Amino acid sequence: MPVAAFAEDLDRDILLTPAGTLHSVQGEWAAHHPEVSTASTRYLTLTTREGDTVTRTIIPGSSNIAGVHTNPALAYDSASKTLFVFWKHTTTGRVSNLMVASMSANGKWTDAKDFGNVSSVWRTNFRIGITRKSFYRDSDNVEHSFPEVNIHATWWEDRGGEEELARYAMLTIEDGTIINTAEYDLSHFLEFAKKPEGQHSDFNHEILRHPAIFESTDHESVDIVFGNTAEKNFNRVTLRPFKPYVESRVRIPLGVKGQSFGAPRFRAEANSQIGAIGGSGNRMVLFFKDDTSVKYLAYLPEANGWSDVRSIPIDATGTADAAVEALRRMVTSE
């Protein structure tokens, strides 16, 4: 089913491998752990549970590089048994990089590397998704698929002034190693009208700065929903990995389909953790939690656009997780 791009804690992620190993990663303030020798202000720790055995490791690339390391996300390559950790590294002021490091089956870590193409920018709302198939066309233009892991990352980028936009990168994994990285402005994949009718005037631009990514049930593609602050609208594109030449190691994301729709009447603060759930037929829900409820609005094509903002109470009869599960069932049901 499509995944919900939402987390109660942006400094935490969890992943269960097919073999039953549970990995969780979270951020730690160095000031809270004076016994740890680290060059960073905030670093990342990985906890691995295999049966009754629990091991805790400080991710080297987050402790030996000065700065603040946050927003971790986990991915796993089953063929090579390699665990990948992606995160945001903030240096000074409003400058941040996107980092990746991996741990092999024998527990050895690679050096952390920056996979963003532009320096001196501010990146927020980092999300990843995974596909497990890629495609190519033979000499007769017949399309074929083959197994391959690709990591799809999306985030919001502020380059100063009035230039801000949604960005995307695709990283191809082979034998536990990243062999190819392609990065794009997400508007590159738009081949449809950017100025739909019906956007509301009662909204702030923050709602547009939270790109969301949804994995398809067949693991062949991802859907990315992202905003455009200049056009005051949302866009949704479906992307899948494509090999342009049969013998090539190069991979490019191929746009399959897309849609553009107006911004909703929705107020969001700059520090809001806005989540999204995607369903079939461009159905989607945006939501965030406050102290007493989960607030949401739904984009339902059969209802001709966005709903009003609605609330699900958080009290003795239901938790935030239960509310999100109810939203997921609503948007993914036919």
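**Figure 1. Helices and strands of the chain.** The chain holds two helices and 21 strands in this predicted model. Of its 334 residues, 51% count as buried. Among contacts between residues at least 6 apart in sequence, 51% join residues at least 24 apart.

**Figure 2. Helix H2, residues 320-332.** Helix H2 has 13 residues and should span 18 Å at 1.5 Å a residue; its end C-alpha atoms are 18 Å apart, which agrees. The buried residues of H2 are Ala-320, Ala-323, Val-324, Leu-327, Arg-328 and Val-331. Seen down the helix axis, these buried residues fall within an arc of 140°, so they line one face of H2. The face turned away from the buried side carries Asp-321 and Arg-329, both exposed.

**Figure 3. Packing of H2 against strands.**

**Figure 4. Asn-71 in strand S5.** Asn-71 lies within strand S5, which covers residues 68-77. Its phi is near 55°, a positive value in a residue other than glycine. The relative accessible area of Asn-71 is 13%; under 20% counts as buried, so Asn-71 is buried.

**Figure 5. His-219 in a loop.** The loop that holds His-219 runs between strand S13 (212-215) and strand S14 (222-228). Phi of His-219 is near 60°, a positive value in a residue other than glycine. With a relative accessible area of 35%, His-219 is partly exposed.

Methods: Residues numbered from 1 in each chain as written. Predicted model: local features only at pLDDT ≥ 70, side-chain atom pairs only at ≥ 80, totals over all residues. Heavy atoms only, no water. Helix = DSSP H or I, 4+ residues; strand = E, 2+ residues; numbered from the N terminus. Buried < 20%, exposed > 50% of the residue type's maximum accessible area, 1.4 Å probe, protein only. Contact = heavy atoms within 4.5 Å. Expected span 1.5 Å × (residues − 1). Arc of directions from axis to C-beta.
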